[in-house]
Amino acid sequence: MTVYFIGAGPGDPELITLKGQRLIRSCPVILYAGSLVPRAVLEGHLAERVIDTAPLHLEQIVGHLLEAHRRGQDVARVHSGDPSLYGAIGEQIEHLRAAGIPYEIVPGVTATSACAALLGVELTLPDVAQSLILTRYGQNRSMPEGERLADLARHRTTLAIHLGVSHLKRIVEELIPHYGADCPAAVVHRASWPDQDWVTGTLATLPALSEAKGFRRTALILVGPVLAAEAFGRSSLYSADHRHLYRGGDES
Ligand SMILES: C[S@@+](CC[C@H](N)C(=O)[O-])C[C@H]1O[C@@H](n2cnc3c(N)ncnc32)[C@H](O)[C@@H]1O
């Protein structure tokens with residue numbers, strides 16, 4: 001018996017991996033985070049028990065996992081996006097380890113990837129930004145030392161801020177001293193869902209644009225010059241004079 005933590009992807013049921021889909025269709029027990037995982041992701045399942053964990057607390061969820069273990073039944077534990085990012089799987093894994101229950105994590109397409117796809121941009125452009133910081137908005141005291149927004153903003157690289165859209169005004173105030181008021185920024189709401197929507201602008205204009213759309217939750221804030229860069233370096237990967245193992249026979 002194994003508990004499979006499966007990444008469902010950002011919303012579009014076609015953005016789950018083949019492995020995740022196969023496991024959902026073969027596990028006799030499914031627990032899914034119904035607030036962010038669409039029911040369509042479960043299509044084709046043959047499970048005898050399907051439980052939406054949105055209204056459950058940790059002990060109740062763990063109770064279902066232990067029960068499945070007693071019955072010798074595999075569990076598909078379905079989380080949104082990639083389970084390793086803000087998925088709260090760490091605390092479930094802690095209980096599984098304590099009980100000696102095997103588990104496996106099946107990665108998924110994270111919201112940041114879906115948002116970049118929707119905007120049609122590369123988040124790592126040569127000479128503009130070569131790093132991407134995935135973070136969440138938290139009140140200062142709930143963030144580990146050195147991870148307050150102002151600390152991260154000092155790098156001035158691309159930022160993807162989760163769980164922050166309802167604090168957008170405060171976020172922008174913290175970022176402007178580092179990125180400048182005219183830094184490109186976007187809010188993407190429910191990327192890959194049928195009602196997906198987004199706004200693009202600058203740090204100065206973003207709060208009003210987002211407010212006008214009424215974005216309150218399930219939205220990602222993206223910040224950085226990559227979002228509107230017109231000048232950037234060329235990647236050596238596709239440069240005609242760059243020889244590598246797959247082109248030109250040079251193994252260097
Ligand atoms: C609890 S976190 C889960 C993240 C998820 N594990 C992932 O890898 O995308 C939920 C937050 O992720 C972001 N998010 C998740 N799905 C999204 C989507 N389809 N479009 C935009 N943002 C999304 C929002 O900031 C939302 O509040």
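Modeller: Ala, Val, Leu, Ile, Met, Phe, Trp, Tyr, Cys and Pro count as nonpolar, Asp, Glu, Lys and Arg as charged, and the others, Gly among them, as polar. On that basis, the lining of the largest cavity has four nonpolar, three polar and four charged residues. The model is predicted, with pLDDT of at least 70 needed for local features and 80 or more for side-chain atom pairs, while totals for chains, interfaces and linings use all residues. Numbering starts from 1 along each chain as its sequence is written, and side-chain values use heavy atoms, leaving out hydrogens and water.

Colleague: What makes a space a cavity, and how many of 30 Å³ or more does the structure hold?

Modeller: On a 1 Å grid over the protein atoms alone, a cavity is a set of points where a 1.4 Å probe fits but cannot get out; a pocket is an open set with protein on both sides within 12 Å along at least five of seven lines. There is one cavity of 30 Å³ or more. The largest cavity has a volume of about 60 Å³, volume being the space filled by probe spheres set on the points, which are joined across faces, edges and corners.

Colleague: Which residues line the largest cavity?

Modeller: Eleven residues do, with Gly138, Met143, Glu147, Arg148 and Leu149 nearest its centre; a lining residue has an atom within 4 Å of a point. Strand S6 (132-136) and helix H5 (149-153) each give two or more residues to this lining. Such elements are DSSP runs numbered from the N terminus, at least four residues of H or I for a helix and at least two of E for a strand.

Colleague: How do you know where the ligand sits?

Modeller: A molecule sits in a pocket or cavity if more than half of its atoms lie within 2 Å of the grid points. The space taken by the ligand is the largest pocket. That pocket holds about 960 Å³ of space. It is lined by 41 residues, and Ser35, Leu36, Ser80, Tyr86 and Leu163 are the closest to its centre. By class, these linings split into 19 nonpolar, 16 polar and six charged residues.

Colleague: What makes up the shell around the ligand, by class?

Modeller: Twelve nonpolar, five polar and two charged residues. Helix H4 (111-119) and strand S10 (219-223) each supply at least two of the shell residues.

Colleague: Which element gives the most to the lining of the second largest pocket?

Modeller: H7 does, with four residues. This pocket holds about 150 Å³ of space, and its lining has five nonpolar, three polar and three charged residues.
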